[in-house]
Structure formats: structure tokens, C-alpha cells
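Look at the sequence and the structure below.

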Amino acid sequence: MLSLNYRDSRPIYEQVRDGLRRLIITGAIPAGDKLPSVRSMAGQLAINPNTIQRAYEALEQEGYAYSVPGKGSFAALPQDVTDKRRDELLKQLDAVVQELEYLGMSRKDVARRCTQGKEDAQ
């Protein structure tokens, strides 16, 4: 399900958060499905349960997950992702486009690439 890279400079909880986010975004964990329990995931990855709990809390703050007391954490619906997360991603996109322009790529080429990537995914 997830793999950790101990050479990665990011903290372990961020790697877990990003891995789970990717699984939710790609549909590997469908919206509404229960995420693995903190205890089971900590056992699978051989890390402290507090690290998993921190990753789950971060996912909840971004809107990718929600918790039900006594039941666990679940993957959220796409429309539940917070505006804050969308704004963060748009800022990152702006920075990437700016760098691509600096490297000689036109905005039309960037737009074409975005459209091409979308068509390839379908």
C-alpha cells in the first residue's frame, strides 16, 4: 500500500500523508471507504502510531479524510477538499508555470501539456 523512503528529507508523517492522499486522488481508496486503522498501518509500516495519527490529522485538515468517532477515518468526497488546499495547489502550479516559462516553454505549450495529460488519463 505505502512505502517509506528513509533517505527522503521529508518527515515520515508527511510521506504517509502524501502517500494516502495519492491513493485517495487516484481512486485506489474510493471516496467513503475506510482508511486502515492507525494501529494496523503503524504495524505494517513498523512506525509509531502517533506518526500515523499525525498524518491522518493532516489529511483531515486538508479535507481528504474525515473521522467518525468510534468507527475510524474515511476518504472524503472530492468536493469536501478545502479551499485552502486548492489555493496551495494553484500557487504551486503558478510557480511551476513560471519556472517552465523561464526555461523557454510557452504558456501555450504548458496548456497543451495539461490538456494532453488529461486526455491521456481518460
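## The chain as a whole

Two residues are in contact when they have heavy atoms within 4.5 Å of each other. Among contacts in the protein chain between residues at least 6 apart in sequence, 45% join residues that are at least 24 apart. The model is predicted.

The protein chain has five helices and two strands. Their order along the sequence is α-α-α-β-β-α-α. Taken along the principal axes, the C-alpha atoms fill a box of roughly 50 × 35 × 25 Å. Of the 122 residues in the protein chain, 30% are buried.

## Helix 1 against helix 3

Two packed helices are described by the angle between their axes and by the distance between the axes. For helix 1 (residues 12-26) and helix 3, the angle is about 50° and the axes are 8 Å apart.

## Helix 2 against helix 3

Helix 3 (residues 49-62) also packs with helix 2 (residues 38-45): their axes come within 8 Å and cross at roughly 120°. Helix 2 and helix 3 are therefore oblique to each other. Helix 2 passes helix 3 in a right-handed crossing.

Val38, Met41, Ala42 and Leu45 of helix 2 make this contact with Pro49, Ile52, Gln53 and Tyr56 of helix 3. Which classes do the residues of the contact of helix 2 with helix 3 divide into? Seven are nonpolar, one is polar and none is charged.

## The hairpin

Strand 1 (residues 65-68) pairs with strand 2 (residues 72-75) in the antiparallel sense, over four bridges. Within this pairing, Ser67 stands opposite Ser73 in strand 2.

How many residues lie between the strands of the hairpin? There are three residues between strand 1 and strand 2, and in this hairpin Gly70 takes a positive phi near 80°.

Note on methods
Residues numbered from 1 in each chain as written. Predicted model: local features only at pLDDT ≥ 70, side-chain atom pairs only at ≥ 80, totals over all residues. Heavy atoms only, no water. Axes fitted to C-alpha atoms, helices over the stretch in contact; angles between N-to-C directions. Parallel < 35°, antiparallel > 145°, perpendicular 65-115°, else oblique. Left-handed = near helix turned anticlockwise from the far one by under 90°. Nonpolar A, V, L, I, M, F, W, Y, C, P; charged D, E, K, R; others polar. Pairing = 2+ DSSP bridges. Buried < 20%, exposed > 50% of the residue type's maximum accessible area, 1.4 Å probe, protein only.
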